[in-house]
Amino acid sequence: MARFQIEQATVRYGTFPAVTGIDFNLDPGESVGIVGPSGAGKTTLLRLLNGAVRPSVGRVKVDDSYLDMLSIGGLRAVRARVGVIHQDLRLVPNLRAVQNVVSGQIGRRGFFASLRGVFFPGRADVARAHKILERVGIPEKLFERTDSLSGGQRQRVAIARALFQSPDALLADEPVSSVDPARARDTVALLTQISRERELSLCVSLHNLELAREFFPRLIGMRGGRIVFDKPTDELHNADFEKLYDLSRSEILND
Amino acid sequence: MSKSSARAIAELRRTRPRNWVGRITGLALLALVVVSWTTHNFGWRHLFTARSAENFARFRREITPYPLQERAFDWDIFTTWLHTALTDKVMAAVVATLALSIAAIVLAAVIGAILSLFAARTLATADPYLPGPNVPHAARRHGWRALCAITRGFLIFMRAIPEYVWAYLFKAMLGLTAWPAVLALALHNGGILGKLNAEVIENVDPKTPRALRALGASRLQIAATAIAPTALNRFLLYFFYRWETCVREATVLGMLGFVSLGWFITDAQVRTNYDEMFLFILLGAGIILVGDLVSAGARRLIRRAK
Amino acid sequence: MRGSRRIVLLAIVIAGVWAAFYLDLAPGQLIPRETGWKVAREFFSAAIRPAAVDESGLGVSLWGRAAKGAWLTVVFAATSMSLALVLGLVFGLLASATIWELEDSGSNGWRHSFRRFVAPVLYTTARAFIALLRSVHELLWATLFLAAVGLSDATAVLAIAIPYGGTLAKVFSEMIDEAPRGAAHALIGAGASTTRAFFAALLPLALPDMAAYSFYRFECAIRSAAILGFFGIQTLGSFIVQSFELNLYREVWTYLYVLFALVLIVDWWSGLLRRRLVAA
């Protein structure tokens, strides 16, 4: 089970600091929501967790290994155990749903086995993809072309791809911003249920405070690249959230 | 895997959407390639014999500049050779090649632009863009449809016959002036530009043409005011793409006797002055690369003009 | 920015006028004289009544020759295209920047320096090589082969395959570079190497366009194969020359219409394929 730890990390894109000196900690099987206005550094925090960005200051530790100490092979092994659901989904539209789902295994097998899995998925892979698609609610779309699916269905394919990795942890970046409000609740509910069933660590960034309070026992508030609060949800007060957004608004005004 | 899910998967697989066109095309082309390689004897064996290896070696000697064939490379000798090989006539042929391509593509653009008006299905109908005040007569409807179909067929025919063949045929009628070469290039490329431009016209957003039509504008007025300004950029992009191939073909048409670089290439080949022939071929490649650069620059300008 | 378009248009007009004067393109020369007029009249009047039977008196059936010419034209086109596709794929991959540029989280060490310093050299070399292949016209490749080992059927195929391979490589590499990279990055994030991510999530995105373009080049290859008949290969061009030199214009038109039919079929099929592959 993955245990993530970020120690005093700062990330700069060019000279722009995306996050500054943040500490973060996620235990095995724990789920946490990250809230905050756009540009608060939520996406960067998630990208730190699977080594997609390296901090210029500070370190990231997954389980017992610091990511900067790992060889490229070691880093890939860590990434293979972390499923990521991107805001823009990042599927291959002209492949079938099953092929996109099975491509989740690509970091876990040999070169030819993994590519064969994507283009000519074997019986066992198809059965497993079917089971996972059943869990996310669209088993009948197994062999459909991905670009013929609706936005919500595509998101489910992206979730299924992440689950096909047999991950220890799921990271989801703004999963509710790409679907309509009615779907948003279903998506967050699905992610939290699945991670509870499979005892996965879950880290979701989202705009929607109501959903965040309803589904996550612990919330992290971010603003301007810093962590403003990190508390159990039932200890949070309206004042905390107001601070999060009001401050950011005045900051925008000062710009 | 449970039995019921295995059955469900089999059923989903049976009813999955299939791309028959793609599959049949793939299989047919694969079969065609296999049949082509196996039924026709191309004589590949003769290419890999000691004799052809010798021939290649001889050829490699012969394409090195003649005064340098028997000695080490010397810059002075090379430049003197270059000066004698690149006579004023050759340089004039380089300019003529460019002039041929330019005259041809301009003529092709005129032909293509005019014919595309009759080949675009949105414009070449009895009632373009909106039903008019009165229903057009059946004869008019069928007349337009026939005109459109004939124009399209004519465009494909123009394009189906290669420039080289057109030039060969026109040469017998017009003699060795520049016209046969220009006409040949213009006809073939006019066919291509006409077809492409018809597609551009068909893809123009119908809102403005409809509004104009509702105001009672004629077909020509719609084309001039609502279609030309939006379609012009794309048309110019295609114009420069085709100009690149015109430069290529203009070089080669000289092999039929027209004044372009190709004539000097054939001439050097007939005299078995392979060193000069090779130099002229490289010179032709140089013209083409320069043409590509100019065209890419012009296309960038046009893209920015959007 | 409309100004730049006006400049381009003006340049085209000036260049066109210059070219017309340089080449001495007097409209009067467009009217054929004497024998030329006779040839023109007879040739174009034969357009509406192409030959249906042999007129040469050589005792060979016209349709037999036309069928042979058409079939060999297709055979030469297909053989050349199969070679050109191999060339195009190999060099297209080498010349695309994407295959080298897919990021692996700013990995450092030798991978980083490879990507930074070696990869640009590799793909620039590949691009220069491609430019060399495609900037020599197929008829000039044929001339080169003719001078070196003589023009046989095999060298005729090579003469088409080499420049076509270069063109395919250039266009393939551009299509690969234009494909969206998000899906490939997602797989890298799931632990894939950049090579795997490229083949699983980037190449599939470019493939439909590549297939459609290859099919279009097949149509061009048919025309190039037909022209090589002028150099003695038994494709449609050789029959056109033969009949034209015997003044059998009606036979010439039969061959022209056969070539037209070939291109018409390929064009129709290519449209069908494009709609299925690219628009879907």
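The largest nonpolar core of this predicted model has 245 residues, and those with the most contacts inside it are Ala104(B), Val182(B) and Leu187(C). Helix α9 (residues 194-227) of chain C gives the most to this core, with 18 residues. A nonpolar core is here a set of buried Ala, Val, Leu, Ile, Met, Phe, Trp, Tyr and Cys residues joined through C-beta atoms within 7 Å. A residue is buried if 20 or more other C-beta atoms lie within 10 Å of its own, exposed if 12 or fewer, and partly exposed in between, with C-beta atoms placed from the backbone. Apart from neighbours within four places in sequence, Ala104(B) is in contact with Val182(B), Leu185(B), Ala186(B), Asn189(B), Cys246(B) and Ala250(B). Contact requires that the C-beta atoms of two residues, placed from the backbone, lie within 7 Å.

Because the model is predicted, local features need pLDDT of at least 70 and side-chain atom pairs count only at pLDDT 80 or more, while totals for chains, interfaces and linings use all residues. Residues are numbered from 1 along each chain as its sequence is written, and chains are lettered from A and ligands numbered from 1 in the order in which they are written.

**Chains A and B**

Chain A comes to 9 helices and 10 strands, whereas chain B has 13 helices and 0 strands. Helices (H or I, at least four residues) and strands (E, at least two) are DSSP runs, numbered from the N terminus. The radius of gyration of chain A is close to the value of the globule rule for 255 residues, so chain A is as compact as a globular protein of that length. For chain B the radius of gyration is well over the rule's value for 306 residues, so this chain is more spread out than a compact globule. The radius is taken over C-alpha atoms, and the globule rule is 2.2 Å times the number of residues to the power 0.38.

| Chain | Radius of gyration | Globule rule |
|---|---|---|
| Chain A | 18 Å | 18 Å |
| Chain B | 27 Å | 19 Å |

Along the principal axes, the C-alpha atoms of chain A fill a box of roughly 55 × 45 × 30 Å, and those of chain B a box of roughly 85 × 70 × 40 Å. Buried residues make up 50% of the 255 residues in chain A and 39% of the 306 residues of chain B. Among contacts between residues at least 6 apart in sequence, 67% in chain A join residues at least 24 apart; in chain B the corresponding share is 70%.

**Domains of chains B and C**

Domain bounds come from an automatic or database domain assignment. Chain B is divided into domain 1 (3-40) and domain 2 (88-304), and their centres, taken over C-alpha atoms, are separated by 39 Å. Chain C has domain 1 (2-34) and domain 2 (59-279), with C-alpha centres 33 Å apart.

**Covered elements**

In strand β3 (residues 31-35) of chain A, 5 of 5 residues are buried. Ser31(A), Gly33(A) and Val35(A) point one way from β3(A), and Val32(A) and Ile34(A) the other way. Strand β3(A) pairs in the parallel sense with strand β8 (residues 201-206) of chain A over 5 bridges, where Ile34(A) has Ser205(A) as its bridge partner. Parallel strand β9 (residues 218-223) of chain A is joined to β3(A) by 3 bridges, and Gly33(A) is there the bridge partner of Leu219(A). Two strands pair if DSSP finds at least two bridges between them.

Helix α2 (residues 72-80) of chain A has as its buried residues Leu75(A), Arg76(A), Val78(A), Arg79(A) and Ala80(A). Their cover includes β4 (57-62) and β6 (82-85) of chain A together with α8 (182-189) of chain C.

Helix α12 (residues 261-270) of chain B is mostly covered, with 7 of its 10 residues buried, among them Trp263(B), Phe264(B) and Ile265(B). The cover of these buried residues includes α6 (88-119), α11 (219-253) and α13 (274-304) of chain B together with α6 (138-148) of chain C. Thr272(B), which follows α12(B), has a positive phi near 50°.

**Interfaces with chain B**

In the model, 57 residues of chain C are in contact with 59 residues of chain B. The chain C side divides into 38 nonpolar, 12 polar and 7 charged residues. For chain A, 9 residues are in contact with 7 residues of chain B, and the chain A side comprises 4 nonpolar, 1 polar and 4 charged residues. Ala, Val, Leu, Ile, Met, Phe, Trp, Tyr, Cys and Pro count as nonpolar, Asp, Glu, Lys and Arg as charged, and the others, Gly among them, as polar.
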